[in-house]
Amino acid sequence: MKIVAIVGSIREKSLNLQLAQHIQKRYAETFELEILSLRDLPMYNQDIELDAPQAVIDFKAKVNAADAVLWVTPEYNSTIPGVLGNAIDWMSRVDKVMHGKPSIMMGASMGAMGTVKAQMHLRDILFASGLNSPLLPMNEVYVGSAHEKFDSEGHLTDEATISFLDTVIVNFMQWMKQFK
Ligand code: FNR
């Protein structure tokens with residue numbers, strides 16, 4: 001199974017990127033995870049959506065080819081970061097690469113709430129007609145106080161989080177069977 005991770009932070013030492021990298025390594029035997037960067041995506045502009053820049057074409061092709069999308073996002077100002085919204089705008093138009101594609105989401109923040117509001121909004125967005133992506137139900141992953149859960153080399157060290165993620169991934173794989 002091929003999954004792409006869309007990480008809502010483009011900073012080098014992003015905790016959300018580190019969370020995606022943890023998933024990539026720990027479940028390498030279960031699925032192949034490619035982490036897509038949003039760094040090179042130009043700003044969405046409806047004037048050019050039918051003749052989109054190559055970076056957009058490549059990004060959408062990778063999403064289109066994947067069996068599922070893993071969203072890993074921080075919370076910015078009580079919602080999703082602009083870079084993520086920008087990627088979603090591209091994905092929601094023309095070939096609508098998210099249509100019917102299953103999603104799983106999680107997020108890490110330094111605050112105690114662990115991206116609850118950002119994920120609430122992202123859930124709503126997945127429901128929009130431009131995306132129409134079924135989301136893994138019930139398994140909500142909020143990694144709060146994230147800066148205390150990764151070591152200086154970016155490894156997730158919090159045993160409770162590691163073990164909880166194991167359960168979520170088992171549930172996710174079970175849920176994915178219906179999309180074969
Ligand atoms: C934040 N942060 C933040 N945290 C939170 O829990 N709720 C919020 O609304 C916000 N808002 C916010 C806005 C902006 C512009 C920044 C830069 C930060 C803190 C955020 O959780 C923290 O910086 C994370 O570490 C960002 O994720 P990455 O880059 O580490 O993946």
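Q: By class, how many nonpolar, polar and charged residues does the shell around the ligand have?
A: The shell has 4 nonpolar, 6 polar and 2 charged residues. Here Ala, Val, Leu, Ile, Met, Phe, Trp, Tyr, Cys and Pro count as nonpolar, Asp, Glu, Lys and Arg as charged, and the others, Gly among them, as polar. This is a predicted model: local features need pLDDT of at least 70, side-chain atom pairs count only at pLDDT 80 or more, and totals for chains, interfaces and linings use all residues. Residues are numbered from 1 along each chain as its sequence is written, and side-chain values use heavy atoms, with hydrogens and water left out.

Q: Which residues surround the ligand?
A: A residue is near a molecule if one of its heavy atoms lies within 4 Å of it. Those around the ligand include Ser-9, Arg-11, Leu-15, Pro-74, Tyr-76 and Met-110.

Q: Which side chains have an N or O atom facing an oxygen or nitrogen atom of the ligand?
A: A polar contact is a pair of N or O atoms within 3.5 Å. Asn-16 has a side-chain N or O atom 2.8 Å from a ligand oxygen. The protein covers 71% of the 620 Å² of accessible area that the ligand has on its own (Shrake-Rupley method, 1.4 Å probe).

Q: In what order do the strands form the sheet?
A: Strands of a sheet pair through backbone hydrogen bonds, either parallel or antiparallel. Strands are DSSP runs (E, at least two residues), numbered from the N terminus, and two of them pair if DSSP finds at least two bridges between them. In this model 5 strands form an open sheet in the order S2-S1-S3-S4-S5, with parallel pairing. The edge strands, each pairing on one side only, are S2 (32-36) and S5 (141-143).

Q: Over how many bridges do S4 and S5 pair?
A: Strand S4 (residues 103-108) pairs with S5 over 3 bridges, in the parallel sense. Ala-108 has Val-143 in S5 as its bridge partner.

Terms used. A polar contact is a pair of N or O atoms within 3.5 Å; within protein, one must be able to donate a hydrogen and the other to accept it, and residues adjacent in sequence count only if both atoms are side-chain atoms. Helices (H or I, at least four residues) and strands (E, at least two) are DSSP runs, numbered from the N terminus.
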